[in-house]
Amino acid sequence: MSEENKAKQDAMDMAEDSRQAEWEFPSFTGELYKGSFRWDLMHPFPVQDEADKKIGDEYLEKLKKVCEDDVDAEMIDRNRKMPDHSLKALTDIGVFGMKIAKKYKGLGFSMVNYARALTYLGSYCQTTVTWASAHQSIGVPEPLKIFGTDAQKEKFLPRLATGDISAFALTEPDVGSDPAKMSTTAEPTEDGEHYIVNGEKLWITNGTAASIIVVMAKTPPKVVKGREIPQISAFILERDMPGYSVDKHCEFLGLNGIANGVLKFDNVKVPKENMIGKPGEGLKIALTTLNTGRLGLPAASVGGAKISLKEIRSWVNERVQWGVPVGKHQSIAKKIANASADTLAMEAIVYLTAAMSDQGQKDIRLEAAIAKYFCTEKAWSMTDDLMQVRGGRGYETAKSLHNRGDNPFPIERILRDARIGRIFEGSSEVMHLIIAREAMDTHFKLVMPLLMPKPGQKESKLSLIMNAAKFYLGWLPKLYMPSGQSFNVKHLSSANQAHLGYVERASRKVAKKMFFTMGKYKQKLETEQLILANFVDIGTNIFAMAATLAYAEHKLSENPSDQTPQELADLFCKNARQEIAANFEAIGNNHNRDFDKVGGKYMEGAYKWLEQGIHDGLPKSLRTPVDAAPAPAAVEEDVQEPVPAK
Ligand SMILES: Cc1cc2nc3c(=O)[nH]c(=O)nc-3n(C[C@H](O)[C@H](O)[C@H](O)COP(=O)(O)OP(=O)(O)OC[C@H]3O[C@@H](n4cnc5c(N)ncnc54)[C@H](O)[C@@H]3O)c2cc1C
């Protein structure tokens with residue numbers, strides 16, 4: 001095996017070993033990919049009970065007050081800093097303890113209330129919501145909640161609920177999407193009482209402010225049948241541990257006030273009690289943390305979408321060009337109509353998945369991954385569209401608009417802030433792979449032992465074939481028959497009921513198509529990433545349609561006289577059906593080989609001639625060695641007195 005193939009195989013093996021292998025509870029999307037449309041898992045749409053809703057309502061009032069009094073989203077962006085008084089005000093109302101149980105001094109919120117709070121914060125300041133989410137969606141509280149011992153919870157959670165900031169440290173300079181190559185190590189001491197951690201972590205959100213972080217590090221490999229299996233373990237590190245240092249503060253396109261940086265560990269002595277879970281469980285802990293942790297980002301995206309819709313509405317009415325309000329031009333109407341329909345779908349997915357998480361008894365790994373992928377992609381494309389709708393003012397900064405006395409709605413900042421959603425907490429490309437892997441699990445379990453037997457595999461080939469045949473002979477014919485399912489959806493229009501019928505048929509179609517595509521490509525399917533992405537986009541749209549229809553029906557049942565959710569759901573479903581059809585078409589009829597060929601030749605430099613006639617090199621300031629670079633400009637404290645807004 002070539003070095004490249006071996007590295008790839010190691011990465012895949014490690015990802016595979018770290019997955020949650022069992023499906024203890026039913027999964028809507030998992031079933032969808034098997035051709036079974038489990039409407040019962042999302043309908044009736046799970047509604048927040050009154051007592052829980054009241055807690056959320058009251059909390060949003062507190063959040064509103066703190067945001068208005070103590071958190072200035074604009075100045076945070078301009079100064080690239082979250083002020084201490086803002087952090088204190090947020091901490092005082094428990095923003096950093098929303099997901100921590102009351103017995104550990106947190107607010108003990110349901111996922112739905114947590115999502116509502118993040119939506120609210122996201123509508124106001126994406127930097128602030130990132131502080132809160134990095135701390136408790138993926139930072140120490142979440143893995144401790146799932147994997148921590150009572151002693152660890154008692155020791156750390158009260159601190160994390162009341163002021164200590166936490167972070168999640170996985171990424172390294174050479175390790176982004178592929179943790180198998182991780183170089184941070186944790187070596188056990190001779191007496192076994194401690195681990196010595198050495199290494200460097202990059203881009204750690206909250207990292208420059210955090211006092212308690214979770215770090216993924218390599219522990220000694222396990223030797224199984226003569227083969228070394230790399231082990232990644234999870235540790236809690238505290239900032240005052242000797243050898244722990246914050247090396248650099250990083251700055252980005254957006255999220256200007258996050259405390260993100262490079263962390264260095266130089267022989268940091270960590271008590272063995274600070275390991276979360278068991279040795280080797282680190283990646284599993286990271287991935288499981290992300291299963292529900294991934295809901296934070298979509299909730300924040302919904303906030304950004306809603307505030308953009310709200311603010312753009314007056315613009316499309318008031319701005320008149322060519323004799324009519326710009327919203328009446330069909331190209332603009334399409335953008336604002338789709339933004340409205342997509343926002344409904346995003347909200348439906350976020351609240352459905354959060355409610356499913358609260359209910360327990362449902363496996364939401366696929367739904368949470370889809371929520372992250374769908375909402376961050378939609379937030380980006382929608383914000384881009386709405387910036388376009390605002391014309392030149394969309395590209396102008398809020399400060400400049402304000403100084404001119406124009407409406408300073410910061411769509412420019414919202415766009416900058418939205419972009420990272422497609423990269424962190426699993427890039428969209430990696431989400432495709434994660435979702436595709438989970439979607440194919442049933443087939444993997446039945447077919448992979450035949451195609452790629454593992455060393456020491458017990459079952460005989462014959463028994464594996466019998467097993468697979470038994471399953472497929474029962475399963476496949478059913479996909480060709482109408483399910484005869486009836487849907488109890490009295491509030492939906494006939495158009496929306498028809499969409500529901502489509503969802504059921506599309507579930508069977510995607511299951512069949514996936515089965516035959518696996519048969520065609522066999523293990524080579526793993527390299528057909530674009531086809532896998534087609535399957536993921538089909539499943540994502542089917543799930544989004546079902547969630548949106550269930551949510552719309554819930555809204556209609558609450559207020560039958562308002563038919564507008566019906567219209568938005570219908571528009572969303574029509575768009576989604578077009579996307580689904582295009583993806584089905586692309587599975588069998590594509591020019592993916594051209595991408596392989598041209599991409600490969602580009603990498604070899606075959607098209608270097610395209611690079612002629614351009615500037616060659618960096619600006620002078622970036623050619624200076626790092627240590628000699630001029631100090632950054634002082635933080636802007638004074639702001640020009642604005643002209644009153646019109
Ligand atoms: C603002 C910010 C905040 C962050 N916060 C944190 C944090 O708190 N903690 C933390 O641990 N990390 C954090 N990160 C790191 C972030 O999670 C990574 O940037 C992300 O996982 C992608 O890794 P990478 O940048 O190394 O890209 P790479 O993994 O090098 O990928 C480069 C490109 O290749 C694609 N790619 C990679 N592998 C595959 C594949 N197998 N198939 C197809 N495409 C592939 C990627 O999608 C991407 O487009 C943060 C990053 C930023 C910018």
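Predicted model: local features only at pLDDT ≥ 70, side-chain atom pairs only at ≥ 80, totals over all residues.
Which residues lie nearest the centre of the largest cavity?

**Entry 1: cavities.** I searched the whole structure and found three cavities of 30 Å³ or more. The largest cavity holds about 160 Å³ of space. I listed 18 residues in its lining, and those nearest the centre are Gln 126, Ser 301, Ala 379, Asp 417 and Ala 418.

**Entry 2: the lining.** I next looked up which helices supply the lining of the largest cavity. At least two residues come from each of helix H7 (126-138), helix H11 (296-318), helix H13 (365-389) and helix H16 (411-419). The most is given by H11, with five residues. I then sorted the lining of the largest cavity by class and recorded 10 nonpolar residues, seven polar and one charged.

**Entry 3: a helix pair.** Two packed helices are described by the angle between their axes and the distance between the axes. I looked up both values for helix H12 (residues 330-359) and helix H22 (residues 564-588): their axes come within 9 Å and cross at roughly 100 degrees. Angles of 65 to 115 degrees count as roughly perpendicular, and H12 and H22 are therefore roughly perpendicular to each other.

**Entry 4: the contact.** Which residues of H12 meet H22? I noted Ala 337, Asn 338, Ser 340, Ala 341, Asp 342, Leu 344 and Ala 345 on the H12 side. On the H22 side, I noted Pro 565, Leu 568, Ala 569, Leu 571, Phe 572 and Asn 575. By class, the contact of H12 with H22 comprises nine nonpolar residues, three polar and one charged.

Technical notes: Residues numbered from 1 in each chain as written. Heavy atoms only, no water. Axes fitted to C-alpha atoms, helices over the stretch in contact; angles between N-to-C directions. Helix = DSSP H or I, 4+ residues; strand = E, 2+ residues; numbered from the N terminus. Parallel < 35°, antiparallel > 145°, perpendicular 65-115°, else oblique. Contact = heavy atoms within 4.5 Å. Nonpolar A, V, L, I, M, F, W, Y, C, P; charged D, E, K, R; others polar. 1 Å grid on protein atoms, 1.4 Å probe; cavity = no way out; pocket = protein on both sides within 12 Å on 5 of 7 lines; lining within 4 Å. Points joined across faces, edges and corners; volume = space filled by probe spheres on them.
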